[in-house]
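Work through the exercises below with the structure open. Try each task before reading its solution.

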Amino acid sequence: MEYTEQDEILIGKLQEELFKACERIAKKESDMELVRKAFYFAKDAHKGVRRKSGEPYIVHPISVALIVVNEIELGIKSVVAALMHDIVEDTEYTVSDIEHLFGPKIASMVDGLTKMAGVFSADQTEESETSKQAENFKKMLLTLSDDVRVIIIKIADRLHNMRTLGSMPAHKQMKITSETIYLFAPLTHRLGLFAIKSELEDLSLKYRFPEDYKMIESKISATEANRNKYIEKFNSPIADILRANDIDFEISGRVKSIYSIWRKMQRKNIDFEEIYDIFAIRIVFKPSPMIPEKSQCWHIYSLVTDIYKPKPDRIKDWVNIPKANGYEALHCTVMGPDGEWVEVQIRSQRMEEIAEKGFAAHWKYKEQSSNSDGEIDKWLKRVREALSSSVENAVEFLDNFKLSLYSSEIVVFTPKGDQVTLPQGATALDLAYDIHSKIGHTAVGAKINHKIDSIFTPISSGDQVEIITSNNVKPKPEWLDHVVTSKAKNSIKNFIKKDNQNNIERGIVIFEEKMKSFGIQPSARVFRKVLPAYQCSSKGEFYSKLGAGIINLNGVEKILRQNAASKMIKYWSLQLSNPLRLLKGSGNSDQKKKSGDDEIITSEDEYNMELSIADCCSPIPGDQVIGFRGEDGRVTIHKKSCKEAVKLAAQHGENIVKAQWSGFKAISFLTHVEVRGIDRMGIMLDMAKLISEEMNVNIRELKLQSHDGIFEGVVSLYVKSIEDLKVIMSRLNKIRGVEKVRRIETYRE
Ligand code: MN
């Protein structure tokens, strides 16, 4: 199929736009020749192929190249690589053909892009799915070590695929949006491409939660007129005073992205109307050449705060210490007209460009900048280190890597005054491992701002931290709960793995000797008594703790003589339920069939599958849900908003099963409700009665703990739908003494 006349018109338009954009950045005539050559080569190579949308395929690479040149502002080589990014994957041509025609540099970029092409199947002609996505993610991230531009072009590729996601089938949309939110958006953020990151997030939301998206979008536009009036009222005295001080500036009010508003609503469980910082004021100034930009930022700050009172604890100084993704600006929150808090962001034009274009602008300004060992370079160095030292399996690696992308950063100082950037939430122990794994392994304490404190103390920006070491300590598994960086986690895990093996061997010897002295065999019966007594969940744990000297066998004789059943229970536990009617496991498949129209799931492929309800989010009818097919063929149902589900969709997108509730009268679902209140006689009975007698709902378990006149606990019960649950919760709330009733999403028994 050749290009039609209409195709040619469409392609011609894009071609003109691309060539014009490239002329702006071309340094010499040969640059344009290269672009033209790549364009005609790609157009010919993709001839006859169409995307799902029906457009000629070549529209996609041209669009990606346009994003690269216009929105990210990379150079000619990157544009050329973007034009040819799908050629090796989708056509007959090979990397060596490209090397032959365009030279080794461009060929190696296309090669990198091709290696990644197998990782994601977002490109709209591909039908094949990869099964080991996590492994592939890892491979993709390895290209970070070669040439960051390759990743950036891949991000542009993803952006265009997200912009045209509408023509993809729903289950692919879920897979692609999950990958985007799980990996691409944080990666884009980490590279400082703020505008693109926001768009990726907004587009993901639009496809994942279309109603929420539309709701926020329409509320933003409904409140626009009022907001603009307010912004004008707020800005006009600032504009006057800046002009009076001969400052060349632009001032504007910016509404937050739909996604960040949505996130805030979710996180704080509030309505749109309750969000006070829906917009921020941005002042971008053209610096006068003789005065440092930094001083000018603070000058503007002082002029602004002459007019509006600042909130003292809300100054964020990313001018002196830029964020790790390169972001620089001075943020403050001031009291505006009508007593409203308003955030003001002060930036120079250079800072503005870095904020919007991130990495690319960072390189552009690198030569002019005084501190040229940019934070991004440091981060890339750390990523490379992490990649080369990583021993984890791919999924773990990805989790940790992702963590390092998401977190915002803190900057702390060593006693010598060296700056160290760590993710938010990092502890002194993270710092110890960041300095060197030997320091980490032997850390016993930290001097934080000259005061001695635990090694597990979280540290904050600006702290001066000195690590105290001793050769008498070694890493323990608990340490893993007190570190956030993947470097620290890996080092601790590695150490423990090695140490553990030694301990287990030692433990076995100790235990067997002891048992021999009693003249008994270490049988399963022995372990049934010993393991709970020592609070170990497995033999391995028991041996390892024994070998490490964490536990000893002094009391073991008594334990072995004891009859079982004297379980230590700190709370009381009551079983009120009838035999379970939960739709779970294979034993219930009969019931599933019996219930006929009560089946909860209809999948696109109509074959019998086994269902389980995910423990992590315990969805119940009424929740938006999604299914994942496991290796055994069983489908697990998650809430759509479940973090675990997003992760699964990103890592095993091929296993997504569309799921929705149909009728659900006869089947009940396990859910957990947290209750809290004032302890009084009989309250438990009141609750149990209400639930099981009046509401006729099965309680699986009622766990209540009481202390200081307060009780708190968890009711696990089987409900039929979210409506049922709402009724029960509101009735529970009315019981005398009960003060708080809340559904819990993640409950570990
Ligand atoms: Mn592509």
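The exercises that follow concern a predicted model.

**Exercise 1. The metal site**

Task: Find which residues coordinate the manganese ion, and decide whether Asp 86 and Asp 157 are buried or exposed.

Solution: 
- Step 1. The donors to the manganese ion are NE2 of His 60, NE2 of His 85, OD of Asp 86 and OD of Asp 157, at 2.2 to 2.5 Å.
- Step 2. Written along the sequence, the spacing of these donor residues is H-x24-H-D-x70-D.
- Step 3. Asp 86 lies in the loop between helix H4 (76-83) and helix H5 (87-90), while Asp 157 belongs to helix H9 (residues 148-163); the two are 71 residues apart, so the pair links distant parts of the chain.
- Step 4. A residue is buried when its relative accessible area is under 20%. Asp 86 has 1% and therefore counts as buried. Asp 157 has 2%, so Asp 157 is buried too.

**Exercise 2. A helix pair**

Task: Describe how H9 packs against helix H11 (residues 194-208).

Solution: 
- Step 1. Two packed helices are described by the angle between their axes and the distance between the axes.
- Step 2. For H9 and H11 the angle is about 35 degrees and the axes are 10 Å apart.
- Step 3. The crossing of H9 and H11 is left-handed.
- Step 4. On the H9 side, the residues in contact are Ile 155, Arg 158, Leu 159, Met 162 and Arg 163. They meet residues of H11 including Ile 196, Leu 200, Leu 203 and Tyr 207.

**Exercise 3. A hairpin**

Task: State how strand S6 (residues 409-413) and S7 pair, and what joins them.

Solution: 
- Step 1. S6 and S7 pair in the antiparallel sense over 5 bridges, with Phe 413 opposite Gln 419 in S7.
- Step 2. The hairpin has 5 residues between its strands, and Gly 417 in the turn has a positive phi of about 95 degrees.
- Step 3. Strand S7 (residues 419-423) is mostly covered, with 4 of its 5 residues buried.

How values were computed. Residues numbered from 1 in each chain as written. Predicted model: local features only at pLDDT ≥ 70, side-chain atom pairs only at ≥ 80, totals over all residues. Heavy atoms only, no water. Buried < 20%, exposed > 50% of the residue type's maximum accessible area, 1.4 Å probe, protein only. Pairing = 2+ DSSP bridges. Donors = N, O, S within 2.8 Å, 3.2 Å for Na, K, Ca; no water. Axes fitted to C-alpha atoms, helices over the stretch in contact; angles between N-to-C directions. Left-handed = near helix turned anticlockwise from the far one by under 90°. Contact = heavy atoms within 4.5 Å.
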